Amino acid sequence: MSRELSTAEKNAAAARASAMTTQATTRADRRHARRLARSFAACGPGLEVVAPTTVKNPKSVVVGDAVVIREHAWINCEAAPTPTLHIGDRCYLGRFAHVNA
């Protein structure tokens, strides 16, 4: 026979569950990531982007595998016939990061 959990026990269980989960990206974030991936000069698999982000001249950017770009990141590149900014594999651009090349 199971017993009813008290409110404190329910709250503690919910806190443990939320601490164990990672921040899920929304459908809009996934669409934004796909749109950015198509606009880059080259992009590896596993790009994770949390909107909103700003990328100036995305055709000048090459992005590696499993890159994370957090919200409000700003990537600014000169327009050039060949890519001027290379973001390597498993890089993390944090919130409000600014990268200029």
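## Backbone geometry

The loop that joins strand S2 (48-49) to strand S3 (54-56) contains Pro52. In this predicted model, the peptide bond leading from Ala51 into Pro52 is cis, and its omega is near 0°. As a general rule, most peptide bonds are trans, and most residues other than glycine have a negative phi.

A positive phi occurs at His72, where the value is near 65° although the residue is not glycine. His72 sits in the loop between strand S5 (68-69) and strand S6 (74-76). With a relative accessible area of 39%, His72 is classed as partly exposed. Phe96, likewise not a glycine, also has a positive phi, near 65°. The position of Phe96 is in the loop between S8 and strand S9 (98-100).

## Nonpolar core

The largest nonpolar core comprises 16 residues, and those with the most contacts inside it include Phe40, Leu47, Val61 and Ile87. Helix H2 (27-39), strand S4 (61-63) and strand S7 (85-87) are the elements that each contribute two or more residues to this core.

Beyond its neighbours within four places in sequence, Leu47 is in contact with Ala33, Ala37, Phe40, Val63, Val67 and Ile69.

## Model confidence

The mean pLDDT of the protein is 82, and 78% of the residues score at least 70. Among the elements, strand S8 (residues 92-93) has the highest mean pLDDT, 96, while helix H1 (residues 7-20) has the lowest, 52.

Over residues 15-24 the pLDDT stays under 50, and the model has one contact beyond four places in sequence for these residues.

How values were computed. Residues are numbered from 1 along each chain as its sequence is written. This is a predicted model: local features need pLDDT of at least 70, side-chain atom pairs count only at pLDDT 80 or more; totals for chains, interfaces and linings use all residues. Side-chain values use heavy atoms; hydrogens and water are left out. A nonpolar core is a set of buried Ala, Val, Leu, Ile, Met, Phe, Trp, Tyr and Cys residues joined through side-chain atoms within 4.5 Å. Buried means under 20% relative accessible area, exposed over 50%, partly exposed in between (1.4 Å probe, protein chains only). Helices (H or I, at least four residues) and strands (E, at least two) are DSSP runs, numbered from the N terminus. Contact means heavy atoms within 4.5 Å. pLDDT is the predictor's confidence in each residue, from 0 to 100.
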